[in-house]
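This briefing goes through the packing, the nonpolar cores and the backbone particulars of one structure. Please read it with the sequence and the coordinates at hand.

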Amino acid sequence: MKKNSLLMLSLLCVFAYSCKEQQTTAQNENDVISGSASLRAPAYPLITHDPYLSIWSMGDELNGSPTKHWTEKDHSLTGVLQLDDKFYQFLGMESKVWDAVLPASDEETYIVSYSETKPDDNWVKTDYDATPWKTGEAPFSDNKSMAETSWTSDDLYYRRTFNLESTDLETLYLKLSHDDNVKAWINGVQVADIKGWLDSYKYLPVSKEAISTLKPTGNVLAIHIRNTAGGQFLDAGLVTEAKSENNIEIQKAKQLNVALRANQTEYTFDADGTQIAITFTSPLLIEDLDIYSRPISYINVKVYGDESHNAKLYLGASSAIAVNQEVQEVEVSEYTNGDLTVLKAGTTSQPVLEKRGDDLRIDWGYLYVAAPSANTTQYISETAQGLDAFVSGEILDTNEKTTGKNLILNTVADLGEINSEGSEQLFMIGYDQYEAVNYFGNNLKPWWSKDGATMDQELTKAYTDYESVISKVHNFDEQLYKDALESGGEKYADLCVTAYRQAIAAHILVEAPNGDILFLSKENNSNGSINTVDVTYPSAPLFLVYNPDLLKGMLNGIFYYSESGKWKKPFPAHDLGTYPIATGQTYGEDMPVEEAGNMLILTAAIAQAEGNADYAKAHWATLTTWADYLMQSGFDPANQLSTDDFAGHLARNANLSVKAIMAIASYGKLAEMLDNKETAEKYTAAAKDMAQKWKNIAADGDHYTLAFESEGSWSQKYNLVWDEILGLDIFPKDVQKTEVAYYLNKQEAYGLPLDSRKTYTKSDWILWTATLAHNDADFKALMEPVWDFANTTSQRVPLTDWHETTNGDKVGFKARSVVGGYFIKMLKDNKLNN
């Protein structure tokens, strides 16, 4: 866990997260949603299906900032309501559009002068003579796949001379991607001094002083970059902000409330007395794989008010949703599909499954925006023109196909005259990846299209089935909230609802060549691995509660990797590759005890959930190899990484030892379910013996140590949770009681630290640790600081699972599936007895 690396519900079934100010406003207007809570989500899911189709509102107001992909790149959705001759924005903000002044290498090939030895102090000046320097094509990197010019030394000095057609620039930005520390000058005036690295282009405003130095010829962009660790990279350019030609005022509608439910996010707005309710539904109904796997979200907008108005709705979707970098060329087409009008966008290059990595967005396949054709008009435009055309009333007459960069897919719905009864409009957003995963050389289609279904067919189904899907969503969301409330109280229910879509949408569902389910995670924002075992482990509770078949889909690929002979070690692999290429482990180091323990425990959990060990039986030889490895090496682990590898290597890790003991006991349980009594007795007895020895050598007065014989240390022993959930009865009961009592005295304002080494924590593990408590008071005492963190953290991104307990700041990670671990208390309470 790594590494260096989103129709209104009836009032009785709505669960709302609301900012206190917004909630007060709603109360003042007698518009409180039943079941609402005051938790303010760090970010709100809007369109969430998989690691690529993932759009969020990262702030309190839906119309306060552009909507973004989980990587924080703009994936802009824009919504405006026209009432008579007035306009009100309720969704998103227009993303900034950049016009290149001096193109970077992603737009145009360019040559610079460079030196790897320190030059004279005046090297940043325009009159410096750089003729002795070398010349090379950008970008510069130590990575051959990224570099046009190799750079492997500590320092690089870069000079780019350029001319300008016009120096009349109101704004100028330095477009920069660098690794590591960088300083930049324009005509000798410093414009940047940055420590660290940026793995994608950022746009840094250039001072008026530097802009004033620009001249028609002989300008110089000078950069000094210094490598301090890891990779090396440099590319740069200059851009200016594109201007809108629209002079009509667009007001911000006043947001009244935001309600977050498991599968829906709903906002309400006031537009000078007219109400707008917009509901985003991504129906991730994981008990129904046909509905779940369909990559189509609904956007329903209802407009109503006491006064009559002529109303129109505008929805703009950026072609950025279908590219990795904004400069990539796209083709957008317009057509009809039965009762729907459709816009379809994708890159002209279509590099299917050519890229793998973490901070990447999809640039193959096609984005679809669909709406009923009876009252809608669609058109294609450049970014700055789409909304301009709507507010001016001069809707563009576009061709069937348009090619360009930074395009907008525009849809206008004429609602006619609206009144207190209101009028609703449905939009749909979908994405067809064509091929989703390279699985050991086989390019696999998404689950929904594996039998030949097309996106046009799925759009028709989604439209036709809308009412029934929404009814199922309402029922599911209501039951989830009710169950979580009964299990852990309101704040626990808040956390489960906040985690639900995030945990699921960090996966892709495909079918293996042999017919197996493959539910493959992307290790978002921590290294980009695909099907990481120690990401599967913490996320498993959600899937064990709602659909164990999906947990099998998380284990199947790991079993295949070993059983095919491709992975030859006596413990499981860490991962299957780097998303979306699953052709073999790419993480640089094994986690032997960690991953063996994870696979054995989760296989036992599946057996208990299903009431039989058939799944384990199919993989018995492999499970036996892993169990025997743990019998030899699991109790007193060597110096190795565990799932909390960001904390570094640790020998004799007491919590890792607990995992090994739980895994050995899990193997014994599986043997018992398979009527292999001799094996069951052997491994169960061994686990009990290890547990007693563990208690003796980990004891440190009123608690147990972080590592064996490391007095004064401590750690969360979250792996103990399986002893009760699986009915193993291996550890003496007083171990959990002792640990919980100790933890209650070690908490900070925003939670229990992971261990005694640092004050940071993992929120998923806190929920597991809290579940060790045997009374509601202790559970809530450990759980509620995590709620406080989510409610107040200043980092407005999809939930981080790694935060600082003293101030609530994100340390690292966002949008990861591991928050599915929040459902551990619900799992314990139903004890997998289905």
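In helix 16, which spans residues 733-743, the buried residues are Val735, Gln736, Glu739, Val740, Tyr742 and Tyr743, where buried means under 20% relative accessible area, exposed means over 50% and partly exposed lies in between, with a 1.4 Å probe and protein chains only. The model is a predicted one, in which local features need pLDDT of at least 70 and side-chain atom pairs count only at pLDDT 80 or more, whereas totals for chains, interfaces and linings use all residues. Residues are numbered from 1 along each chain as its sequence is written, and side-chain values use heavy atoms, with hydrogens and water left out.

- The packing partners of the buried residues of helix 16 are helix 14 (677-698), helix 15 (721-725), helix 17 (763-770) and helix 18 (776-792). Helices (H or I, at least four residues) and strands (E, at least two) are DSSP runs, numbered from the N terminus, and contact means heavy atoms within 4.5 Å.
- Ala773, found in the loop between helix 17 and helix 18, is buried, with a relative accessible area of 7%.
- Not counting residues up to four places away in sequence, Ala773 touches Val740, Asp778, Phe779 and Lys828.
- Between the C-alpha atoms of Ala773 and Val258, which are 515 residues apart along the chain, the separation is 33 Å.

**The pair of helix 8 and helix 9**

- Helix 8 (residues 533-546) and helix 9 (residues 548-563) pack at an angle of about 155°, and their axes are 7 Å apart. Axes are lines fitted to C-alpha atoms, for helices over the stretch in contact, and angles run from 0 to 180 degrees between N-to-C directions.
- Helix 8 is therefore roughly antiparallel to helix 9, on a scale where angles under 35 degrees count as roughly parallel, over 145 as roughly antiparallel, 65 to 115 as roughly perpendicular and the rest as oblique.
- From helix 8 the contact is made by Val533, Thr536, Ser539, Ala540, Phe543, Leu544 and Tyr546, and from helix 9 by Pro548, Leu550, Leu551, Met554, Leu555 and Ile558.
- The residues of this contact divide into eleven nonpolar, two polar and no charged; Ala, Val, Leu, Ile, Met, Phe, Trp, Tyr, Cys and Pro count as nonpolar, Asp, Glu, Lys and Arg as charged, and the others, Gly among them, as polar.

**Nonpolar cores**

- The largest nonpolar core has 212 residues, of which Phe90, Ile278, Tyr500, Ile661, Trp694, Trp722 and Phe731 touch the most other members. A nonpolar core is a set of buried Ala, Val, Leu, Ile, Met, Phe, Trp, Tyr and Cys residues joined through side-chain atoms within 4.5 Å.
- Helix 13 (residues 654-673) gives the most to this core, with twelve residues.
- Leaving aside neighbours within four places in sequence, Phe731 is in contact with Val658, Ile661, Met662, Ala691, Trp694, Leu720 and Asp723.
- Another core, of 31 residues, lies apart from the largest one and includes Tyr158, Leu164, Leu174 and Ile186.

**Backbone particulars**

- Most residues other than glycine have a negative phi, and most peptide bonds are trans.
- The peptide bond from Ala138 to Pro139 is cis, with omega near 5°, and Pro139 lies in the loop between strand 8 (134-137) and strand 9 (140-141).
- Asp179 and Asp180 are also joined by a cis peptide bond, with omega about 15°; Asp180 is found in the loop between strand 12 (173-179) and strand 13 (181-186).
- Leu353, although not a glycine, has a positive phi of about 55°; Leu353 is in the loop between strand 25 (340-347) and strand 26 (366-372) and counts as buried at 10% relative accessibility.
- Arg652 has a positive phi near 60°, is placed in the loop between helix 12 (620-633) and helix 13, and is partly exposed, with a relative accessible area of 26%.
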